[in-house]
Amino acid sequence: MDYSLPDDSLFLGFDCSTQSLKATILDANLSILASEIVHFDSELPHYKTKDGVHRDPSGNGRIVSPTLMWVEALDLLLEKFVKEKLDFGRIAAVSGSGQQHSSVYWKKGSCNMLASLDPEKHLVAQLSDAFSTKESPIWMDSSTTVQCREIERAVGGALELSQLTGSRAHERFTGPQIRKIYEMQPDVYHDTERISLVSSFMASLLIGGYASLDETDGSGMNLMDIKRRVWSKIALEATAPGLEGKLGKLAPAHDVAGLIAPYFVKRFHFRKSCLVIQWSGDNPNSLAGLTLNTLGDLAISLGTSDTVFGVAIEPQPSLEGHVLPNPVDPTCYMVMLVYKNGSLTREDIRNRCAEKSWDVFNKFLEKTPPLNGGKLGFYYKENEILPPLPIGFHRYILDNLTNGSLDELREHEVEEFDAPSEVRAIIEGQLLSMRAHAERSGMPTPPKRIIVTGGASTNKSILNAITSIFGCAVYTVQRPDSASLGAALRAAHGWLCNREHCFVPISCMYEDKIEKTSLGCKLSVPAGDTELLSKYTSFMKRRMEIEDRLVWKLGRR
Ligand code: XUL
């Protein structure tokens with residue numbers, strides 16, 4: 001079979017993330033032709049966001065982003081490509097990636113606004129009255145603990161909900177967020193005709209009508225039956241009345257959402273036949289962008305949130321981690337862990353302890369010994385998801401590290417570490433937690449290999465630490481922004497499935513190209529030393545004992 005793409009065609013992938021809107025364009029050989037970015041804080045300063053979000057100053061865990069900021073960013077990004085003289089007419093298909101869980105509330109009557117966008121005016125000017133609330137609750141929000149417990153109770157418990165939907169109730173998941181709006185802002189709920197995720201919201205702008213929710217991103221809502229890939233009646237009823245009608249249909253990630261709207265054809269000269277393929281969540285798109293399809297491979301994405309994910313055939317949803325349909329292979333799943341304290345927390349330690357410089361941070365990491373002289377740190381600048389702990393820093397030292405066996409040493413709590421140890425403690429702490437929770441949630445251990453992506457994947461000192469702690473070879477990709485790359489790749493995949501009138505495995509598209517294009521992995525660090533690995537295993541167990549105690553004492557469950 002010939003699965004090649006037409007020679008002159010281009011494929012556009014967006015990533016609407018917490019802090020920016022990015023885009024990557026691939027040519028027919030799947031090589032990157034162009035990329036662009038709009039930073040929300042600096043390029044759209046009138047929304048007054050910090051890191052792309054508004055944090056409620058009362059400390060109640062409420063975190064939102066202005067919906068219109070994403071609308072305005074879309075025009076701005078496309079205008080950047082106009083300045084680069086991109087030939088929009090060559091784009092055969094568009095897809096995208098959105099921060100997961102975050103929701104948008106379309107006001108009654110907005111469908112008509114979407115269907116009649118005037119190409120002479122900016123989107124933001126036409127959609128300023130399209131939303132029943134202008135604030136989108138986002139994945140960083142932790143204000144819905146009450147609603148999580150209510151939903152879990154109504155479906156028979158946390159484990160039951162997890163087995164049904166792929167995850168227990170989590171504060172950031174869309175179901176609990178919708179329930180909170182229904183309870184606290186009933187007018188907003190009743191005034192809403194459609195609820196979108198960021199992914200289906202951006203796809204809706206592009207097709208000029210409401211796009212379906214993609215099944216993969218839909219599993220981040222605590223509302224979808226993960227095995228049957230349909231809305232679960234019992235979860236819907238536990239969340240809010242009349243919800244199914246506001247959610248619309250579910251569709252697989254490789255489906256066509258629609259043709260690009262006339263607004264984009266007239267304003268930017270897209271071709272009329274340009275397909276918009278269903279958008280999906282950022283982690284699922286990264287899975288596609290990393291071409292992760294081998295059991296035993298693990299991906300670590302080091303971004304605003306840190307995530308760990310892999311492919312699974314028959315996962316068993318539990319109280320930890322999440323199970324999602326695989327966005328590029330309807331026969332299997334992806335499993336995932338998510339941390340809220342990722343790059344912003346590493347940056348905070350860099351600013352306070354390493355003269356605001358990654359060079360100094362890396363020097364500190366390299367000059368301190370593995371196991372950090374028995375120092376263990378827990379750094380939560382934001383309310384953490386995994387484990388569910390509130391904002392706070394906790395530091396411990398295992399006594400007499402050089403003499404005793406790690407399993408028996410006592411620990412004592414301290415107020416602070418010296419600056420170099422603080423740097424090692426945050427990196428070792430984050431990685432030990434990832435390894436421990438990956439093992440607990442049934443991910444392969446040790447992994448066959450780890451592929452690292454996200455901003456911090458270019459940091460060699462961090463990659464060395466990953467190799468020592470996980471005990472396997474670590475690879476990186478040539479482009480750290482795997483989500484928009486994955487979206488562009490999915491745009492091509494969706495286009496191909498549409499041409500063939502059936503599902504085509506995504507690997508058919510890149511089999512012979514992978515090493516020549518931006519999709520290839522490069523080995524960064526070979527597997528580490530086995531004696532050190534076994535010490536890290538004991539160190540990890542001690543860390544988990546302390547973590548379990550912290551959760552018992554301070555946890556939000
Ligand atoms: C995934 C999650 C985060 C966001 C970040 O469950 O909450 O990784 O997707 O954009």
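Biologist: Which elements each supply at least two residues of the shell around the ligand?

Modeller: In this predicted model, two elements do so: α14 (282-289) and β20 (333-339) each supply at least two residues of that shell. The ligand is surrounded by Gln 99, Gln 100, His 101, Trp 139, Arg 172, Asp 282, Asn 283, Ser 305, Thr 307, Met 336 and Val 338.

Biologist: How do the residues of the shell divide into nonpolar, polar and charged?

Modeller: Three are nonpolar, six are polar and two are charged.

Biologist: Which polar side-chain atoms lie 2.5 Å or 2.7 Å from an oxygen atom of the ligand?

Modeller: A polar contact is a pair of N or O atoms within 3.5 Å. At 2.5 Å from a ligand oxygen there is a polar side-chain atom of Asp 282, and at 2.7 Å from a ligand oxygen there is one of Ser 305. The backbone also takes part: a polar backbone atom of Gln 100 is 3.1 Å from an oxygen atom of the ligand.

Biologist: How much of the ligand does the protein bury?

Modeller: Taken alone, the ligand exposes 290 Å², and the protein buries 98% of that. The space that the ligand takes is the largest pocket.

Biologist: How should I read a salt bridge, and how many does the structure hold?

Modeller: Side chains of opposite charge can pair when their charged atoms come close. The structure holds 27 salt bridges. One of them joins the side chains of Glu 135 and Arg 62, with 2.7 Å from N to O. Glu 135 lies in strand β8 (residues 135-137) and Arg 62 in the loop between β4 (54-55) and β5 (63-66), so this pair ties together parts that are 73 residues apart in sequence.

Biologist: Which residues does a cis peptide bond join?

Modeller: The cis bond joins Leu 386 and Pro 387, with omega about -5 degrees. Pro 387 belongs to the loop between β21 (375-380) and β22 (392-398).

Biologist: What is the phi of His 269, and where is its place?

Modeller: Phi of His 269 is near 65 degrees, a positive value in a residue other than glycine. His 269 is in the loop between α13 (262-268) and β15 (275-277).

How values were computed: Residues are numbered from 1 along each chain as its sequence is written. This is a predicted model: local features need pLDDT of at least 70, side-chain atom pairs count only at pLDDT 80 or more; totals for chains, interfaces and linings use all residues. Side-chain values use heavy atoms; hydrogens and water are left out. A residue is near a molecule or strand if one of its heavy atoms lies within 4 Å of it. A polar contact is a pair of N or O atoms within 3.5 Å; within protein, one must be able to donate a hydrogen and the other to accept it, and residues adjacent in sequence count only if both atoms are side-chain atoms. Accessible areas come from the Shrake-Rupley method with a 1.4 Å probe; for residues, only the protein chains shown count as cover. On a 1 Å grid over the protein atoms alone, a cavity is a set of points where a 1.4 Å probe fits but cannot get out, and a pocket is an open set with protein on both sides within 12 Å along at least five of seven lines; lining residues have an atom within 4 Å of a point. A molecule sits in a cavity or pocket if more than half of its atoms lie within 2 Å of its grid points. Helices (H or I, at least four residues) and strands (E, at least two) are DSSP runs, numbered from the N terminus. Ala, Val, Leu, Ile, Met, Phe, Trp, Tyr, Cys and Pro count as nonpolar, Asp, Glu, Lys and Arg as charged, and the others, Gly among them, as polar. A salt bridge is a side-chain nitrogen of Lys or Arg within 4 Å of a carboxyl oxygen of Asp or Glu.
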